[in-house]
Amino acid sequence: IVAKGSFQNSLCGGLAYFEAQALAELGFIVVQIDGRGSRHRGQAFMDESYGWMDAVSHIDDHVAGIQQLAERFPFMDIDRVGICGLHMGGNGVLEGLLKHPDFFTVGVAAQIYDIRIMGANQGDLYVGETPRANEQYPEERVDTLKGKMLLMVGLQDYVPAAATFRIVEALQKANKDFDLIVDPNGGYSASPYQIRRAWDYFLQHLKGEQPPKEFNLESS
């Protein structure tokens with residue numbers, strides 16, 4: 001997802017730039033890292049995630065990268081680290097909050113997928129016939145949650161909403177507090193309402209600020 005060139009050489013017409021810029025305007029330091037398993041770095045690099053699609057984020061790389069940046073730039077406060085997955089990044093948020101609960105303190109996760117209920121064109125290509133051994137699905141790790149989590153799901157998305165509700169059910173069974181936004185007509189892209197609520201969430205729980213109430217965010 002990290003842009004490799006100009007605005008147009010970026011996912012969704014510059015999304016990687018503009019989303020980061022918007023968060024920076026709100027006062028956050030924004031870090032983007034392509035973890036092991038992502039594309040355009042060679043076959044060995046990409047094979048890191050084969051057999052377990054969630055591993056494409058390799059959230060350990062993000063933690064290490066932010067920690068190293070904080071050593072170089074001491075003004076970075078890594079006691080307050082958020083992770084945003086508004087656009088195809090919901091599983092990365094779950095990986096962060098559940099695998100590194102003492103590092104990531106706030107997360108917003110949309111478009112959560114589950115390879116078990118996705119189309120065969122994704123499962124067979126990236127996972128093979130059987131998932132990699134010794135891995136855990138997110139709902140099997142919800143007991144580790146410590147931070148604030150906001151889940152978002154659009155019921156018209158081609159990614160089945162059942163994947164998100166599977167996490168919701170596990171969180172409830174584990175007696176964990178979390179927040180949830182359900183968009184009955186929401187599709188594949190985050191709506192202006194979802195984006196505004198995500199920004200509000202980070203301002204409230206990372207910066208301790210009260211955002212403008214019901215700010216009207218307009219978007220094409």
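Colleague: How many cavities of 30 Å³ or more does a search of the whole structure find?

Modeller: The search finds three of them. Please bear in mind that this is a predicted model.

Colleague: What is the volume of the second largest cavity?

Modeller: Its volume is about 60 Å³.

Colleague: And which residues line the second largest cavity?

Modeller: Among them are Leu86, Ala110, Gln111, Met152, Val153 and Gly154. The lining also includes Gly186, Gly187, Tyr188, Ser189, Ala190 and Gln194.

Colleague: Which element gives the most to that lining?

Modeller: Strand β3, residues 148-154, gives the most, with three residues.

Colleague: How do the lining residues divide into nonpolar, polar and charged?

Modeller: Six are nonpolar and six are polar, while no charged residue is present in the lining of this second largest cavity.

Colleague: Let us change topic. How many aromatic pairs are there?

Modeller: The count comes to three aromatic pairs. One of these joins phenylalanine 28 and phenylalanine 202, with 6.3 Å from centre to centre and 70 degrees between the planes, an edge-to-face arrangement.

Colleague: Where in the chain do those two residues lie?

Modeller: Phenylalanine 28 belongs to the loop between α1 (11-25) and α2 (43-47), whereas phenylalanine 202 is in helix α7 (residues 192-205). The two are 174 residues apart, and their pair thus links distant parts of the chain.

Colleague: Are they buried or exposed?

Modeller: Phenylalanine 28 has a relative accessible area of 16%, so it counts as buried, the cut-off being under 20%. Phenylalanine 202 is buried as well, at 4%.

Colleague: Why is the pair of phenylalanine 103 and phenylalanine 104 called edge-to-face?

Modeller: Their planes are at 85 degrees, and an angle over 60 counts as edge-to-face. The ring centres are 5.0 Å apart. Phenylalanine 103 is buried, with a relative accessible area of 8%, and phenylalanine 104 is buried at 3%.

Colleague: Returning to phenylalanine 28, which charged end sits over its ring?

Modeller: That of lysine 207, at 5.8 Å from the ring centre.

Colleague: What span should α7 have, going by its residues?

Modeller: At 1.5 Å a residue, the 14 residues of α7 should span 20 Å. The end C-alpha atoms of α7 are 20 Å apart, so the two values agree.

Colleague: Lastly, which residues are buried in α7?

Modeller: The buried residues there include Gln194, Ile195, Arg196 and Ala198. Asp200, Tyr201, Phe202 and Leu203 are buried in α7 too. Gln194 also lines the second largest cavity.

Note on methods
Residues numbered from 1 in each chain as written. Predicted model: local features only at pLDDT ≥ 70, side-chain atom pairs only at ≥ 80, totals over all residues. Heavy atoms only, no water. 1 Å grid on protein atoms, 1.4 Å probe; cavity = no way out; pocket = protein on both sides within 12 Å on 5 of 7 lines; lining within 4 Å. Points joined across faces, edges and corners; volume = space filled by probe spheres on them. Helix = DSSP H or I, 4+ residues; strand = E, 2+ residues; numbered from the N terminus. Nonpolar A, V, L, I, M, F, W, Y, C, P; charged D, E, K, R; others polar. Phe/Tyr/Trp six-rings, centres within 6.5 Å; stacked < 30°, edge-to-face > 60°. Buried < 20%, exposed > 50% of the residue type's maximum accessible area, 1.4 Å probe, protein only. Lys NZ or Arg CZ within 6 Å of the ring centre and 35° of its normal. Expected span 1.5 Å × (residues − 1).
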